[in-house]
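Me: Please take a close look at one part of this model, the charged side chains. Then set that part against its surroundings.

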Amino acid sequence: MKNNSEKKDKHDSKDKKEDNLLHNSYGIFSNIRFILKNMISVDKHFIVIMLIGFLTAPFMQYMWTVGGKFVIDAITSGDGWRNLFYIIVVFGLVQIIITLLNTYYNSHIWWRYINARMIMTQKKNLKVMRINYEHLENPDVMDCYAKAESAVDNNSNGVEGMMRGISETLNCISVVLAGIIILGNMNVYMLLFITVMAVLNFIFMDYTNKKTKKLVWDKLAPWNRKYYYMRAASTDFAAAKDIRLLGVSDWLRSKFRVLMLERYEAQRTNEHHWNIFAIISSVNSLILQIVIYAYLIFEVVGGKMTIGNFSLYLMSFTTFSSYVSEMLKNIGELLARSREVDDFRSFADFDGGEDDSGLPVPESDEYEFEFKNVSFCYPKSDKQALKNINLTVKPGERLAVVGLNGAGKTTFIKLLLRLYEPAEGEILLNGVNINKYNRESYYKIFSPVFQSVELFAFPLSENVSMKTPEQTDMEKAGDCLCAAGLKEKLESLPQGLYTEMLKVIYDDGVDLSGGEKQKLALARALYKDAPVVILDEPTAALDALAESRLYEEFDKLIGHKTAVYISHRLSSTQFCDHVAMFVDGEMTEYGTHKSLLEKGGEYSNMYNIQAQYYVNEGVQENGYL
């Protein structure tokens with residue numbers, strides 16, 4: 001009992017530590033440095049272009065406000081048309097120069113934002129492809145990934161929203177600073193009043209941002225995963241036949257309706273909070289305008305201000321007020337975007353085990369694997385999927401791992417392939433713990449074939465080699481397809497190995513049947529030509545007799561390689577050196593096919609039940625069929 005309690009505490013502690021790593025708060029200044037660093041690393045011209053925007057922004061806002069004052073003063077003072085002409089010409093020339101610079105700024109910065117976001121998206125995609133496989137089945141990690149995905153999926157929020165926000169905030173700051181210079185001789189209390197009203201507006205906006213992120217957007221992370229899954233499931237060509245023939249369109253639509261109602265309620269909550277803010281902001285703006293106009297009219301009526309200065313200060317006050325509010329609004333938006341950048345960085349900084357700094361696997365003609373007291377428990381689960389497994393796979397051996405669904409066979413394979421790490425015990429490769437080896441190097445010694453086969457929208461040859469066109473040996477790819485039983489299919493394709501797969505990119509793309517896909521997976525394994533072959537129920541789409549024949553033919557093709565066959569059907573066990581029977585995560589029987597039959601245990605019962613499916617034209621093999 002104590003040992004089990006310690007296991008659970010260790011497991012819960014690991015989950016809790018992982019959860020904490022997925023919800024980091026870096027702070028606004030750290031995130032600004034992070035974003036600027038990434039922007040500059042992508043394009044060094046960012047700084048120069050942002051500087052142009054900073055310098056031109058106040059001219060664009062105040063130039064004709066100041067120019068208007070000089071024009072009005074020239075007219076009211078009777079200086080004559082010559083001075084008026086000079087004023088207009090000078091300001092006109094400055095306007096042309098500033099407009100050209102500002103146009104350059106606007107036309108050269110927006111696509112750089114997008115480019116920088118795309119680079120960060122690539123980094124995110126690369127990470128999700130490299131983190132340890134076990135994390136992809138952890139809901140907390142996937143929620144963190146979903147929020148990181150949201151942080152890079154559009155140009156107004158997340159990382160690009162913060163890039164834009166930094167530039168826009170800097171431009172607002174330059175306009176506000178220019179306003180302070182222009183209004184420096186005016187009543188300082190008016191400037192303070194405008195600033196206070198803007199700060200109050202900002203405080204409430206930031207409060208609303210925080211509240212809606214917590215109550216709405218963070219809670220929608222699991223919703224996003226559900227939505228993307230449901231959208232993919234309802235539009236996937238592979239599911240089209242089931243949707244039609246099983247009449248599940250209404251069922252899928254009802255699922256969508258529930259999801260949409262959840263999103264609707266979240267959106268309604270969001271709009272409610274922002275409507276309250278909009279009312280308060282409008283009242284704030286109205287009070288501010290009334291006070292500004294009242295003050296300036298009072299000054300003019302009292303003879304303390306000329307008409308030219310009235311025009312200058314009215315427009316400057318309005319611009320200054322507007323940009324103080326805009327600056328604080330941008331700061332509020334930056335805080336909101338910063339919280340979204342937190343989501344991106346939390347996933348980017350999550351230690352998913354992608355650091356591949358271990359030793360390379362030594363080249364060898366023989367690889368022996370040993371499971372020593374290996375146990376495993378899935379995240380968020382108290383039940384052990386594997387319990388105290390002790391097993392050795394000798395070089396060149398054929399091992400059949402059998403059992404009913406849920407017995408732990410696939411978990412065993414995932415541990416062998418190092419897609420998971422044992423919770424207890426260790427796995428040795430030629431006497432060395434596999435954790436000491438570089439993952440990429442370790443993966444190279446395996447040719448795996450899984451039940452679920454993914455086709456990629458690439459030519460058939462690349463779907464076999466899983467390499468670029470330049471790296472693909474076309475002759476070898478063709479030979480492997482033929483050896484795997486796809487010779488007739490290959491010959492039927494007009495473009496042969498150059499045939500594009502799927503219709504995602506090319507309208508004339510070709511899809512494969514379930515059985516053809518599994519044969520393609522066998523061709524991939526043959527092409528990779530690794531010393532250890534893993535077959536995890538790759539023939540489930542075939543009938544029992546076809547499966548048995550294919551296994552026997554494939555077994556001949558792989559020669560003296562080590563092979564592990566996983567199945568709940570027993571077509572592979574007769575030609576294997578040993579059979580391991582799994583029940584509820586435990587290896588209950590181990591031996592040769594013949595010895596286990598003679599033992600009369602669970603394996604024997606399972607085999608005798610299935611024996612009728614492997615009778616080929618009345619011929620019995622080994623006296624058991």
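Reply: Element names here follow DSSP runs counted from the N terminus, a helix being H or I over at least four residues and a strand being E over at least two. The model is predicted, with local features requiring pLDDT of at least 70 and side-chain atom pairs pLDDT 80 or more, while totals for chains, interfaces and linings use all residues. Residue numbers start from 1 along each chain as its sequence is written, and side-chain values rest on heavy atoms, without hydrogens or water.

Lys467 sits in the loop that joins helix H14 (460–465) to helix H15 (474–483). Its relative accessibility is 41%, so Lys467 counts as partly exposed (buried is under 20% relative accessible area, exposed is over 50%, partly exposed is in between, with a 1.4 Å probe and protein chains only). Together with Lys444, Lys476 and Lys528, Lys467 forms a positive surface patch. A patch takes residues with over 30% relative accessible area and no salt bridge, joining like charges within 9 Å and nonpolar side chains (Val, Leu, Ile, Met, Phe, Trp, Tyr) within 5 Å.

Other charged side chains are paired. A salt bridge requires a side-chain nitrogen of Lys or Arg within 4 Å of a carboxyl oxygen of Asp or Glu, and the count by this rule is 17. One of them joins Arg112 to Asp43, at 2.6 Å from N to O. This pair connects distant parts of the chain, as Arg112 belongs to helix H4 and Asp43 to the loop between H2 and H3, 69 residues apart. Arg112 and Asp43 are both buried.

An α-helix has 3.6 residues a turn, so residues three or four places apart point the same way. The side chains of Arg253 and Asp250 form a salt bridge of 3.0 Å, N to O. Asp250 has a relative accessible area of 48% and is therefore partly exposed.

Lys394 and Glu368 also form a salt bridge, with 3.4 Å between the closest N and O atoms. They too bring distant parts of the chain together: Lys394 is in the loop between strand S2 (384–393) and strand S3 (398–402), and Glu368 is in the loop between H11 and strand S1 (369–377), 26 residues away. Both partners are partly exposed, Lys394 at 45% relative accessibility and Glu368 at 26% relative accessible area. Elsewhere, Arg117, Glu160 and Arg164 are connected in a salt-bridge network.

Just after H12, Arg418 has a positive phi of about 65°.

The nonpolar surroundings come next. A nonpolar core is a set of buried Ala, Val, Leu, Ile, Met, Phe, Trp, Tyr and Cys residues joined through side-chain atoms within 4.5 Å. The largest one has 51 residues, of which Ile35, Ile292, Leu296, Phe317 and Phe320 touch the most other members. H11 gives the largest share, 13 residues. Another core, of 42 residues, lies apart from it, with Val402, Phe554, Ile558 and Tyr565 among its members.

Some nonpolar side chains are on the surface instead. Phe85, Tyr86, Val89, Leu93, Ile96 and Leu100 make up a nonpolar patch with about 610 Å² of accessible area together (Shrake-Rupley method, 1.4 Å probe, only the protein chains shown counting as cover for residues). Phe85 lies in helix H4, and its relative accessible area of 51% makes it exposed. Leu557, in helix H18 (residues 544–557), is partly exposed at 43%. Its C-alpha atom is 9.9 Å from that of Cys480, 77 residues apart along the chain.

Notes:
Lys and Arg count as positive and Asp and Glu as negative; His and the chain ends are not counted. The place of a charge is taken as NZ of Lys, CZ of Arg, CG of Asp or CD of Glu.
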